[in-house]
Amino acid sequence: LLGLVASMGFLYPMSRLVKSLVEEKELRLKETLQILGVKPWAYSLSWVIVASIVFLLGSVFVSLVLHINVMSHSSLGYLFALFALFCSAVMGFSFFVAAFFSKAKLAAIMGPISLFVTIVPYWIFFGTNSYEESKGKIFASLLPCTALSFGANILAEFESAEIGVHSWNASQGTYSFNTCLGMLALDTIVYFFFRL
């Protein structure tokens, strides 16, 4: 359930990012800036930096609130890593989705819907645990919300045992918490790469 709630919490920032990216495409601001001498890499880097600041603040806030109120047994570093990597994957997904749209209003509606749809494969594996076959889970983790939900389930399992996720148990199971973090990092790279 935490994965679903956290995914829903990032729908609005994702919507704003996708809308802003497509609005700039509509207004042809990138071309105007290039005429003025701005390099394409500087333009892209500026978007990544601005989006990173927004999503980083969100991940810090969510990590602190969860650590203080709900997941006090887990390492704050692992909580932050989960949400920071999820935010970076959502950023990459936002850039990827924005490439398909030319109208900002449509992109603002369809972007969050497409992100929310990425949680659907998680429900196929809902009754499984981290010690069962992981090939399907790894493939499904190429979608950011599904990977977050798998990581949130592992967190919940360790928290219910009053152990929490730490460096000594983050690699337990065939689909471990570290596998989830690795898949979120891979998601980020894949979506940023396919955006180009």
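Predicted model: local features only at pLDDT ≥ 70, side-chain atom pairs only at ≥ 80, totals over all residues.
Phenylalanine 96 belongs to helix α5 (residues 76-98), and tyrosine 191 belongs to helix α10 (residues 177-195). The pair therefore ties together parts of the chain that are 95 residues apart in sequence. Tyrosine 191 has a relative accessibility of 9% and so counts as buried, the limit for that term being under 20%.

A further aromatic pair is formed by phenylalanine 150 and tyrosine 175. Here the geometry is edge-to-face, with 5.3 Å from centre to centre and 65° between the planes. Phenylalanine 150 sits in helix α9 (residues 144-160), whereas tyrosine 175 sits in the loop between α9 and α10. The two residues are 25 apart, and their pair links distant parts of the chain. Both phenylalanine 150 and tyrosine 175 are buried.

The next topic is the packing of two helices. Two packed helices are described by the distance between their axes and by the angle between them. The axes of helix α2 (residues 11-27) and helix α4 (residues 40-69) come within 11 Å and cross at roughly 160°. Because of this angle, α2 is roughly antiparallel to α4, a term that applies over 145 degrees. The crossing of the two helices is right-handed. On the side of α2, the contact is made by Pro13, Met14, Leu17, Ser20, Leu21 and Glu24; α4 contributes Tyr43, Trp47, Ala51 and Phe55.

Two loop residues remain to be described. Arginine 28 is found in the loop between α2 and α3 (29-35). The phi angle of arginine 28 is near 55°, a positive value in a residue other than glycine. With a relative accessible area of 55%, arginine 28 is exposed. Glutamate 162, in the loop between α9 and α10, likewise has a positive phi, of about 55°, although it is not a glycine. Its relative accessibility is 60%, so glutamate 162 counts as exposed.

How values were computed: Residues numbered from 1 in each chain as written. Heavy atoms only, no water. Axes fitted to C-alpha atoms, helices over the stretch in contact; angles between N-to-C directions. Helix = DSSP H or I, 4+ residues; strand = E, 2+ residues; numbered from the N terminus. Parallel < 35°, antiparallel > 145°, perpendicular 65-115°, else oblique. Left-handed = near helix turned anticlockwise from the far one by under 90°. Contact = heavy atoms within 4.5 Å. Buried < 20%, exposed > 50% of the residue type's maximum accessible area, 1.4 Å probe, protein only. Phe/Tyr/Trp six-rings, centres within 6.5 Å; stacked < 30°, edge-to-face > 60°.
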